[in-house]
Amino acid sequence: MLPEAHTDMHRVFAYLIKTRCLDRGVVAEFAKAKMLYEDAKYHNAVFVGYDAEGIPRHAHKRGTYTNGDAFKGNVDSCDPRYSFHWIGQSDTVYVFEAPIDMLSFISMHKENWRDHSYAAACGVSDQVMWQMMKDNPHIEKVYLCLDNDVPGQEAAERLSQKLMTHGVSHEILIPTRKDWNEDRQAACANAPQKSAEFPISEESEDDPCPVLQL
């Protein structure tokens, strides 16, 4: 059961666009696809994953408060095979640890981004990656885009060995900083338009995240 949606997404848009420096158009695209919304009770960002039939099977919540450590976790009884993901028509899928890292990467590589597939495992499990390849046989190449830290790179090497065993073409991409959102924020800080104000539209198996009880 998904958390109840708020009537607008003002706080989530502000957090993702201004605090996390995500591209406004990218955020709006996922909101329009009903893959991202703001929950009514706590104003968390909720990232939704659907199965091949279009049924929501996974929801990952991320706190939007910036005065302290924001919590993150999956809604109880989620199916990790269908965590937050996007299906494109190309033969390539990019795999990340977290939804915000996935959206950060897309924000930095916007050209024809909709053509490709992306998945956020909400941890370092490989279940969503294999499920996407099973449901979408046109996907033949995998880019492992996990965090630039010991757990992330150990997981990348482990997944690389599995992909090699199955004969799947793949590469490991490593962010310059700890994760792709830190790279995105650094790029925004160095951009001349960073200080410009803009309105925020209101339209629009392994090491799992801790489970949130509803």
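Predicted model: local features only at pLDDT ≥ 70, side-chain atom pairs only at ≥ 80, totals over all residues.
User: Start with α3 and α6. What angle do they pack at, and how far apart are the axes?
Analyst: About 40 degrees, with the axes 8 Å apart. Helix α3 covers residues 99-108 and helix α6 covers residues 180-190.

User: Parallel or oblique?
Analyst: Oblique, because angles under 35 degrees count as roughly parallel and 65 to 115 as roughly perpendicular.

User: Which hand is the crossing?
Analyst: Left-handed, as α3 passes α6.

User: Which residues make the contact?
Analyst: From α3, Ile100, Asp101, Ser104, Phe105, Ser107 and Met108. From α6, Trp180, Asn181, Asp183 and Arg184.

User: Switching to rings. How many aromatic pairs are there?
Analyst: The count is 11 aromatic pairs. One of them is Trp86 with Trp113. Their ring centres are 4.8 Å apart and the planes sit at 50 degrees, a tilted pair.

User: Where do Trp86 and Trp113 lie?
Analyst: Trp86 is in strand β5, residues 85-86. Trp113 is in the loop between α3 and β7. The two parts are 27 residues apart in sequence, so the pair ties them together.

User: Are those two buried or exposed?
Analyst: Both Trp86 and Trp113 are buried.

User: What about Phe96 and Phe105: what geometry does that pair have?
Analyst: Tilted too: 5.3 Å centre to centre, with 55 degrees between the planes. Phe96 is buried at 0% relative accessible area. Phe105 is buried as well, at 6%. Phe105 also takes part in the α3 contact with α6.

User: Which residues do the ring pairs link into a cluster?
Analyst: Phe30, Phe47, Phe84, Trp86, Tyr94, Phe96, Phe105, Trp113, Tyr118, Tyr143 and Trp180. Trp180 is also one of the α6 residues touching α3.

User: New topic, α1. Which of its residues are buried?
Analyst: Val12, Phe13, Tyr15, Leu16 and Ile17, in a helix that runs over residues 10-19.

User: Why would residues three or four places apart point the same way?
Analyst: Because an α-helix has 3.6 residues a turn.

User: What covers the buried residues of α1?
Analyst: The cover includes helices α2 (24-32) and α3. It also includes strands β1 (36-38), β2 (45-50) and β3 (56-62).

User: And which residue with a positive phi follows α1?
Analyst: Cys21, with phi near 65 degrees.

Terms used. Residues numbered from 1 in each chain as written. Heavy atoms only, no water. Axes fitted to C-alpha atoms, helices over the stretch in contact; angles between N-to-C directions. Helix = DSSP H or I, 4+ residues; strand = E, 2+ residues; numbered from the N terminus. Parallel < 35°, antiparallel > 145°, perpendicular 65-115°, else oblique. Left-handed = near helix turned anticlockwise from the far one by under 90°. Contact = heavy atoms within 4.5 Å. Phe/Tyr/Trp six-rings, centres within 6.5 Å; stacked < 30°, edge-to-face > 60°. Buried < 20%, exposed > 50% of the residue type's maximum accessible area, 1.4 Å probe, protein only.
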